[in-house]
Amino acid sequence: MEVLLHWLVPRFSNNHRARLIQPTGILSLIGLLLCFHLVITGINRFHPEVLGFASNITVGDLVNFTNQERAQAGISSLALSDKLSQAAAAKAADMFAHQYWAHTGPTGSRSLG
């Protein structure tokens with residue numbers, strides 16, 4: 001507790017200036033941030049995969065579970081659309097190929113066409 005007070009609260013032991021705002025404190029913060037950055041960068045370098053997680057749930061199961069919840073909420077059920085399914089599959093393939101998980105691709109694209 002004393003160490004924390006020494007770093008954060010102006011008092012006699014730190015010359016009435018919180019150690020965190022003194023040059024050594026700022027250098028310590030910069031060092032911690034640099035270490036954090038290096039760790040995150042290292043994780044990303046050795047484990048870059050964003051996607052590729054497999055699941056046992058099928059499209060039919062997903063539609064059935066969704067429709068069960070919708071029925072409980074008093075909402076009409078959904079049906080599969082071949083056109084939307086093809087678009088979703090193409091988007092999923094693009095996200096997997098380019099390792100991102102977002103509506104907007106790494107090049108700024110928002111669609112596949």
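Predicted model: local features only at pLDDT ≥ 70, side-chain atom pairs only at ≥ 80, totals over all residues.
**View 1. The salt bridge between R11 and E2.** Side chains of opposite charge can pair when their charged atoms come close. Here R11 pairs with E2, with 2.7 Å between the closest N and O atoms. The structure holds one such salt bridge (a side-chain nitrogen of Lys or Arg within 4 Å of a carboxyl oxygen of Asp or Glu). E2 is exposed at 51% relative accessibility, while R11 is partly exposed at 24% (buried means under 20% relative accessible area, exposed over 50%, partly exposed in between, with a 1.4 Å probe and protein chains only).

**View 2. H16 and Q99, two residues with positive phi.** Most residues other than glycine have a negative phi. H16 has a phi near 60 degrees and sits in the loop between α1 and α2 (23–46). For Q99, phi is near 50 degrees. Q99 belongs to the segment after α4 and is partly exposed, with a relative accessible area of 27%. Helices are DSSP runs (H or I, at least four residues), numbered from the N terminus.

**View 3. A nonpolar patch on the surface.** Patch residues have over 30% relative accessible area and no salt bridge, and nonpolar side chains (Val, Leu, Ile, Met, Phe, Trp, Tyr) are joined within 5 Å.

**View 4. The largest pocket.** This pocket holds about 470 Å³ of space (on a 1 Å grid, an open set of points where a 1.4 Å probe fits, with protein on both sides within 12 Å along at least five of seven lines). It is lined by 14 residues (an atom within 4 Å of a point), and V59, L62, L80, S85 and A88 are the closest to its centre. Helices α3 (59–72) and α4 (82–98) are the elements that each give two or more residues to the lining. By class, the lining has 10 nonpolar, four polar and no charged residues.

Note on methods:
Residues numbered from 1 in each chain as written. Heavy atoms only, no water. Patch = residues over 30% accessible without salt bridge, like charges linked within 9 Å, V, L, I, M, F, W, Y side chains within 5 Å. Areas by Shrake-Rupley, 256 points an atom, 1.4 Å probe, with all protein chains shown as cover. Points joined across faces, edges and corners; volume = space filled by probe spheres on them. Nonpolar A, V, L, I, M, F, W, Y, C, P; charged D, E, K, R; others polar.
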